[in-house]
Amino acid sequence: MRPILMKGHERPLTFLKYNRDGDLLFSCAKDHTPTVWFADNGERLGTYRGHNGAVWCCDVSRDSSRLITGSADQTVKLWSVQTGAQQFTFKFDSPARSVDFSVGDELAVITTDPFMEVTSAIQVKRIARDPADQNAESVLVLKGHQGRINRAVWGPLNKNIISAGEDAVIRIWDAETGKLVNQSDKENGHKKPITSLAMAEEASHFVTGSLDKSAKLWDTRSLKLIKTYGTERPVNAVAMSPLIDHVVLGGGQDASAVTTTDHRAGKFDAKFYDKILTEEIFGVKGHFGPINALAFNPDGRSFCSGGEDGYVRLHHFEQDYFSIKV
């Protein structure tokens with residue numbers, strides 16, 4: 001697979017997201033400027049200017065008309081995808097770490113970091129159909145995590161919110177009452193902070209990545225541990241193929257501990273695992289620093305990775321990939 005190298009960011013990548021149709025790719029980085037690209041050839045379409053801090057996360061509405069971004073500048077912004085115009089800014093008392101539109105795009109779940117005296121929280125905002133009607137009020141505020149909440153996403157039919165972060169516990173909340181419904185136990189769960197969480201296409205299961213050098217597959221309803229994928233380095237990003245039973249993990253050490261030989265030793269490749277057998281199938285090399293973001297195109301025929309090196313690498317799978325036997 002010859003990758004398409006996309007250079008549009010000055011700083012490390014933090015998050016990647018395809019739109020539902022798979023023709024657009026959105027990238028976030030520490031350089032304040034979310035960017036949109038054509039997903040087939042990697043051509044840069046435009047940027048969204050307005051944040052004053054690292055942008056940690058984004059999501060795009062089902063109809064690809066609106067983008068939501070969360071930033072270290074203590075704001076979450078809604079944008080018009082097409083024009084790049086800012087439609088609304090939610091302000092918080094601490095950095096915004098994670099954003100996720102509900103099915104139907106009428107709600108958004110946002111996580112905010114602990115900061116000074118403020119504890120970390122999960123906030124649910126109503127998203128108005130008409131930007132002119134948008135208000136800043138939270139429908140729900142959930143607390144209970146220790147430390148940063150790195151990811152919160154909607155469960156099936158928006159009934160639950162699933163969150164995970166530095167305290168290594170996955171929590172499932174009732175999205176209407178805000179009550180804690182379930183949480184992962186210490187025995188089966190991750191031993192170190194959870195960095196990433198990716199939901200399967202049909203929301204029946206999800207995968208988490210952690211600094212404990214593993215990724216785990218969970219049943220969404222029961223929070224039962226299904227599979228564990230072991231690797232030899234901290235996991236910063238996880239993604240699941242919508243087409244084949246493949247899980248891909250990316251990571252590497254913290255940027256401060258990286259040596260120049262690491263990329264040659266293959267420590268920064270995206271590793272593909274068989275979802276059922278949990279065996280490593282192959283790795284895709286290329287980044288010169290830890291991988292921080294991974295995403296599969298919704299058609300399952302390409303994937304991209306974003307690294308500490310500031311590059312997005314876009315890979316279209318060759319035909320052989322679809323007939324790999326483990």
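What percentage of the 326 residues of the protein count as buried? The share is 55%, where buried means under 20% relative accessible area, exposed means over 50%, and partly exposed lies in between (1.4 Å probe, protein chains only). The structure is a predicted model, in which local features need pLDDT of at least 70 and side-chain atom pairs count only at pLDDT 80 or more, while totals for chains, interfaces and linings use all residues. Residues are numbered from 1 along each chain as its sequence is written, and side-chain values use heavy atoms, with hydrogens and water left out.

The overall form was examined next. The protein has 28 strands and zero helices. Both kinds of element are DSSP runs, numbered from the N terminus: helices are H or I runs of at least four residues, and strands are E runs of at least two. The C-alpha atoms fill a box of roughly 50 × 45 × 35 Å, taken along the principal axes.

Contact means heavy atoms within 4.5 Å. Of the contacts between residues at least 6 apart in sequence, 44% join residues at least 24 apart. The protein exposes about 14,200 Å², and carbon and sulfur atoms supply 47% of that area. Accessible areas come from the Shrake-Rupley method with a 1.4 Å probe; for residues, only the protein chains shown count as cover. The protein carries 39 positive and 41 negative side chains. Lys and Arg count as positive, Asp and Glu as negative, and His and the chain ends are not counted. The centres of the two sets lie 3 Å apart, with each charge placed at NZ of Lys, CZ of Arg, CG of Asp or CD of Glu.

The largest nonpolar core has 24 residues. Such a core is a set of buried Ala, Val, Leu, Ile, Met, Phe, Trp, Tyr and Cys residues joined through side-chain atoms within 4.5 Å. The residues with the most contacts inside the largest core are Phe26, Tyr48, Leu67, Ile68, Val76 and Val81. At least two core residues come from each of strand 3 (24-29), strand 6 (55-60), strand 7 (66-71), strand 8 (75-80), strand 10 (96-101) and strand 11 (107-112). Strand 6 gives the most, with four residues. Leucine 67 contacts Phe26, Tyr48, Cys58, Asp59, Val60, Lys77, Leu78, Trp79 and Val81, leaving aside its neighbours within four places in sequence.

Several buried positions were then inspected one by one. Serine 27 sits in strand 3. Its relative accessible area is 0%, so serine 27 is buried. Beyond residues up to four places away in sequence, serine 27 touches His9, Leu13, Phe15, Leu16, Pro34, Thr35, Trp37 and Val312. Its C-alpha atom is 31 Å from that of glutamate 176, 149 residues apart along the chain.

Leucine 140 belongs to strand 13 (residues 138-142). Leucine 140 counts as buried because its relative accessibility is 12%. Its contacts, apart from neighbours within four places in sequence, are Ile122, Gln123, Val124, Asp174, Ala175, Glu176, Thr177 and Gly178. Leucine 140 and isoleucine 122 are 18 residues apart in sequence and 8.0 Å apart in space, C-alpha to C-alpha.

Valine 284 lies in strand 25 (residues 280-284). With a relative accessible area of 10%, valine 284 is buried. Leaving out residues up to four places away in sequence, valine 284 touches Met1, Asp269, Ala270, Phe272, Phe303 and His315. Valine 284 and methionine 1 are 283 residues apart along the chain, yet their C-alpha atoms are separated by 8.6 Å.

Aspartate 219 is found in strand 20 (residues 214-219). At 25% relative accessibility, aspartate 219 counts as partly exposed. Aspartate 219 contacts Ser204, Phe206, Lys224 and Ile226, leaving aside neighbours within four places in sequence.

Alanine 168 is buried, with a relative accessible area of 10%.
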